[in-house]
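Good morning, everyone. Please bring up the sequence and the model, and follow along with me.

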Amino acid sequence: MADKNLTAITAGVKPDGTESLLVKQGANTRRLLLRDSAELGASIVTDATTTRVLTATDAGKYIRFTNAGAITVTLNTSVMSVGDEVILEQCGAGAITVAAGAGFTLYSRGSLVTSNGQYAVMGLKYNLTTEATLFGDRV
């Protein structure tokens, strides 16, 4: 992938996440993709549906679910990269249940995979492209 200079990025056009950043601290230098810098501030997305299959564009996102009905979030293999994170918040009355798609392994202490009520927040950390750990406020 070719590097993009700041002057080469068009004003008013949202980056697509494939732009590379050169990060320096003292003598240490690291190049990372813009989408890998999600911990600097996650984009907030509101979802009013009752089903969502996570995609690569959800990496680094904070997704707020507002539906009053039960919500299912499905995780599929080879969609996210190792180290990707997604945060899920139950804003409405509908509990969020996280489900593993075919060939995907979901780890969760006590096998708890459902949000614990309105304003409960859960997080997903991808350990491999085929597995993730679910943590947070669950029942």
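Let's start with strand β6, residues 71-75, which pairs with β8 in the parallel sense over five bridges. Within this pairing, V73 stands opposite V98 in β8. Two terms need rules here. Two strands count as paired if DSSP finds at least two bridges between them. Strands are DSSP runs of E with at least two residues, helices are runs of H or I with at least four residues, and numbering starts at the N terminus.

A word on the source: this is a predicted model, where local features need pLDDT of at least 70, side-chain atom pairs count only at pLDDT 80 or more, and totals for chains, interfaces and linings use all residues. Residues are numbered from 1 along each chain as its sequence is written, and side-chain values use heavy atoms, with hydrogens and water left out.

Back to the strands. In what order do the three strands of the open sheet stand? The order is β4-β6-β8, with parallel pairing. β4 (51-53) and β8 (96-100) are at the edges with a single partner strand each, so one side of each has no neighbour in the sheet. On average, neighbouring strands of this sheet are turned by 20° against each other, direction ignored. For that angle, axes are lines fitted to C-alpha atoms, for helices over the stretch in contact, and angles run from 0 to 180 degrees between N-to-C directions. One general point for strands: in a regular strand the side chains alternate between the two faces of the sheet.

Next, strand β11, residues 131-136. Strand β9 (residues 105-108) runs parallel to β11, and four bridges join them. There, L106 stands opposite A132. Strand β10 (residues 121-128) runs antiparallel to β11, with six bridges between them. M122 of this pairing faces G136 in β11. How many residues does the hairpin from β10 to β11 pass through? Two residues make that link.

Now a loop residue. C91 lies in the loop between β7 (85-90) and β8. Is C91 buried or exposed? C91 is buried, because its relative accessible area is 9%. The cut-offs are these: buried means under 20% relative accessible area, exposed means over 50%, and partly exposed lies in between, with a 1.4 Å probe and protein chains only. Which residues does C91 touch? Leaving aside neighbours within four places in sequence, C91 is in contact with R64, F65, T66, Q118 and Y119. Contact means heavy atoms within 4.5 Å. C91 and I63 are 28 residues apart in sequence, and their C-alpha atoms are 9.7 Å apart in space.

Y119 sits in the loop between β9 and β10. Phi of Y119 is near 75°, a positive value in a residue other than glycine. Most residues other than glycine have a negative phi, and most peptide bonds are trans. Y119 counts as exposed, at 53% relative accessibility. S78 also has a positive phi, of about 55°, although it is not a glycine. The loop between β6 and β7 holds S78. At 56% relative accessibility, S78 counts as exposed.

Last topic: salt bridges. The rule asks for a side-chain nitrogen of Lys or Arg within 4 Å of a carboxyl oxygen of Asp or Glu. How many salt bridges does this rule give? The count comes to four.

Take D47 and R52. Their closest N and O atoms are 2.6 Å apart. Both D47 and R52 are buried.

Now E89 and R64. Their side chains meet in a salt bridge at 3.2 Å, N to O. E89 lies in strand β7 and R64 in strand β5 (residues 61-65), so the pair ties together parts that are 25 residues apart in sequence. E89 is buried, at 8% relative accessible area. R64 is partly exposed, at 28%.

E85 and K125 form another salt bridge, with the closest N and O atoms 2.9 Å apart. Why does this pair tie together parts 40 residues apart in sequence? Because E85 lies in strand β7 and K125 in strand β10. E85 is partly exposed, with a relative accessible area of 37%. K125 is partly exposed too, with 29%. Finally, salt bridges that share partners join D47, R52 and D58 into one network.
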